[in-house]
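The sequence and structure come first.

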Amino acid sequence: MTQTTVYPARKIITMNPMQPEATHVAVRDGRILAVGDLARMQAWGDYTLDERFADKVLMPGLVEGHCHLKEGSVWDMHYLGWFDRRDPQGKVWSGLRSMEAVVARLAEIDAQMRSAGKGDAEPLIAWGFDPIYFGGERMTVEHLDRASTTRSIVITHSNGHIMNVNSAMLRLADITRDNEVEGVVKFRSGANAGEPTGELQEPAAKFLVIRKIGDAGVLAPMTEAGVRSFAALACMQGVTTATDLVNKLTDTDCKVLESALADDAYSIRILPAFQAFHGTHGAALGAEHVKSLLPRNTDRLRYGLVKMMLDGSIQGFSARLRWPGYFNGAPNGIWVTAPAQYEADFETYHRAGLLIHTHTNADEASEVAIDAIERVLTRAPRPDHRHTLQHGQMIDAPLFRRMAALGLCANLFTNHLWYWGDQHYEMTMGPDRANRLDACASALAAGVPLAIHSDAPVTPLGPLFTAWCAVNRVTPSGRVLGEAERISVPQALHAITLGPAWTLKLDHEIGSIECGKRADFCVLEDDPLAVEPMALKDVRVWGTVLSGRVFEARKD
Ligand SMILES: [Zn+2]
C-alpha cells in the first residue's frame, strides 16, 4: 500500500489554467495525485496530513532552461565582476568598479598565492570580468602586467566568450604578432602596433591558452562537489529542473552526473546538452553518442539535448549583428560555427531525432539560424521538433513570426535587460534596438513558445529575478527599455515553468501542479501574484520539493 501525503498551503499557484489556485495538494509515489480542497484529497482514501507548508505559497518547481552547472564550481576561481555577487557559501563579493580596482585585486591575489607557496608555475585564473562597465576601455597586457609579469594571468569575461591574458601567458602560449588565428586581438596603433593585446575572442583563440594551462579553471572538468554546490544554489532559488547547456558528455562527465544524481540527497533534475561544436566528434558520431546515452536516463538525469552555437557575445562585440551593426562602430563579430557547417550539422542531429538548442545572440545569427532551419525542415520535415533559439536577444517581430511558422521556440536572455541594458542602449546597439532587447511581448504576440533564462554563471541563477526583468525591463540607471515589450507577472511565471518545460519536451511531466505530474514544487514565503511587480525579485524562497522529496534551502 503506497503512502499519500496531503499538503495544505496558504495558496497553491498551479499554472494550470483549468484550476489556477488550490489550497491542498496530495502526493503519492513522487507524483501529484490530486489538487483542490481537502474534500477532494479525502476521496482518495487514507493519507498523512503534513502541515509544514500551511503558511507558505506553493508553485510548480521552477525550470531554468539555459544555465550551466559551472555556476556551482566557478567560485573555485577568483571573482572580478562589476556587480556584488553571493557565492554558494553565502559570502558576498563586492563588485570591482574600475580597471584599477581589478588590477589591484589581481596583485593582491598574486601576493596571497606567493605567500601560500604557489610559485610562478601556477597560473592565476579569474572570472566574471567585463570591461564594458568602464566606458569602453579594453583591457590589455599593459594592465595585467602591472599585477604580475612572471605569473601567468588568465581572465575570463563574464560572457564566457572572451579572455584576457598577461605577457607571461602570451609567452607561455607562444602567441606573437605572427599569430593568424581569428580572435587574437592586436594593437592597432602606438608603439606596440601589431603586437597581441592579450585579448582572445571565442574558442579558436582561447584554445591557444587552454591547451597550455590544461583543464585548470575555465575548462575544469565537472566534479561531484560542483554538482552538489549547484544543487544547493538551485534550491535557494526554487529551481527543481535545470539544463547544463554545454557538456562534452565524456565518460568522466557522465560518470560524475550519474553518480551524483543517483543520490536522493540531490534536489535537482539535470538535462545536460551535448556540445555539438568545437568537438572532436563529427556530427554523425555526436548524434550516435547522444542517442546511446538515452537508455541511461532517470528521473533526475535526462540526456538527449544538443547544443549548437553560431555567434559570440553582444557586450563582448563578438556577436553577429545585421545592418546597421554595432552602435559604437565596432566591427561585426565572429561566427563560432560557420553558417554552412551549422546547417549541415544541424541537419544531422535533426534527422537523428534529437532536440537542438542553438545559441544565437545577435540578430544576424538568429536570422542565419532561421534560414538554415527552414531549409532543413523543408528537406526533412519533423513534427513537434521544438528546436529552440537560445538568447535571441535582438529578434524582432518579423523573425518571431517566421519562428512561429517553423515551430521554433525562443528562450530569451532577459537578465541582460538589467545587467547590460544601459550598455546596449549606449554602446552596443543603440536606443532603437535596445528598446526591443529580449522582446518577450513580441514573441508571445507572434505565438512563439517562450522561456526566459539567466545563463548562469554569466548572470546569477534565479528565475524570479529573471521574471522580474521581463516584467519591468528596468536598467541600473533607471531606464525602462521598451515599455511595450513588458509582459505580465502571470506570463513571466509561465516563462519560468511551463515555458521552459515545453522547450525541453518535459511539459507533460513538470511545469504545473496537476494530477499525474511530478510532485515538484517551489515553496515560497510570499505570493508572487500579490506583491508589486517591482518586488517580484524579492519574493522569498523557502525551498523546493522534487518528485515528492522536501528540501529546505540553506539560510545565510
Ligand atoms: Zn550559456
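A residue counts as buried under 20% relative accessible area, as exposed over 50% and as partly exposed in between, with a 1.4 Å probe and protein chains only. By that rule Trp 420 is buried, because its relative accessibility is 2%. The model is predicted: local features need pLDDT of at least 70, side-chain atom pairs count only at pLDDT 80 or more, and totals for chains, interfaces and linings use all residues. Residues are numbered from 1 along each chain as its sequence is written, and side-chain values use heavy atoms, with hydrogens and water left out.

**Sheet and packed helices**

- Helices (H or I, at least four residues) and strands (E, at least two) are DSSP runs numbered from the N terminus; two strands pair if DSSP finds at least two bridges between them.
- Six strands make up an open sheet with mixed pairing, in the order β7-β10-β11-β12-β14-β13.
- At the edges are β7 (78-79) and β13 (184-186), each of which pairs on one side only.
- Two bridges join β13 to β14 (residues 196-201) in the antiparallel sense, and Lys 186 stands opposite Pro 196 in β14.
- Contact means heavy atoms within 4.5 Å; axes are lines fitted to C-alpha atoms, for helices over the stretch in contact, and angles run from 0 to 180 degrees between N-to-C directions.
- Helix α2 (residues 99-115) packs on the sheet and touches β7, β10 (124-129) and β11 (153-157), with its direction at about 150° to that of β10.
- Helix α5 (residues 202-213) also packs on the sheet, touching β10, β11, β12 (162-165), β13 and β14, and its direction makes about 105° with that of β14.

**Nonpolar cores**

- A nonpolar core is a set of buried Ala, Val, Leu, Ile, Met, Phe, Trp, Tyr and Cys residues joined through side-chain atoms within 4.5 Å.
- The largest such core has 143 residues, of which Leu 106, Val 209 and Tyr 349 touch the most other members.
- Helix α10 (residues 363-379) gives the most to this core, with eight residues.
- Leaving aside residues up to four places away in sequence, Val 209 touches Val 154, Met 163, Val 165, Met 169, Ala 173, Ile 175 and Leu 200.
- Another core, of 16 residues, lies apart from the largest one; among its residues are Phe 53, Leu 58, Val 523 and Trp 542.

**Helix α9**

- The 13 residues of α9 (339-351) reach 18 Å from first C-alpha to last, close to the 18 Å expected at 1.5 Å a residue, where the expected span is 1.5 Å times one less than the number of residues.
- Buried residues in α9 are Tyr 342, Glu 343, Asp 345, Phe 346, Glu 347, Tyr 349 and His 350.
- Their cover includes β16 (269-275), α8, β17, β18 (355-360) and α10.

**Aromatic pairs**

- Rings of Phe, Tyr and Trp (its six-membered ring) pair if their centres lie within 6.5 Å; planes under 30 degrees apart count as stacked, over 60 as edge-to-face and the rest as tilted.
- The count comes to 17 aromatic pairs.
- Phe 83 and Tyr 133 form an edge-to-face pair, 5.7 Å centre to centre with 90° between the planes.
- Phe 83 is in the loop between β7 and β8 (85-86) and Tyr 133 in the loop between β10 and α3 (141-144), so their pair ties together parts 50 residues apart in sequence.
- Phe 83 counts as buried at 14% relative accessibility, and Tyr 133 is buried with a relative accessible area of 15%.
- The pair of Tyr 419 and Trp 420 is tilted, because the ring centres are 6.2 Å apart and the planes stand at 50°.
- Ring pairs link Trp 82, Phe 83, Tyr 133, Trp 418, Tyr 419, Trp 420, Phe 465 and Trp 468 into a cluster.

**Hairpin**

- Strands β23 (residues 541-546) and β24 (residues 549-552) pair in the antiparallel sense over four bridges, with Val 550 in β24 as the bridge partner of Val 545.
- Two residues separate the strands of this hairpin, and Ser 547 in the turn has a positive phi of about 45°.

**Two buried loop residues**

- Leu 301 lies in the loop between α8 (283-293) and β17 (305-309) and is buried, with a relative accessible area of 2%.
- Beyond four places in sequence, Leu 301 touches Leu 257, Glu 258, Leu 261, Ile 270 and Pro 272.
- Gln 315 sits in the loop between β17 and α9 and counts as buried at 2% relative accessibility.
- Beyond four places in sequence, Gln 315 touches Asp 130, Ile 132, Asn 159, His 416, Trp 420, His 424 and Thr 428.
- Gln 315 and His 416 are 101 residues apart in sequence and 9.7 Å apart in space, C-alpha to C-alpha.
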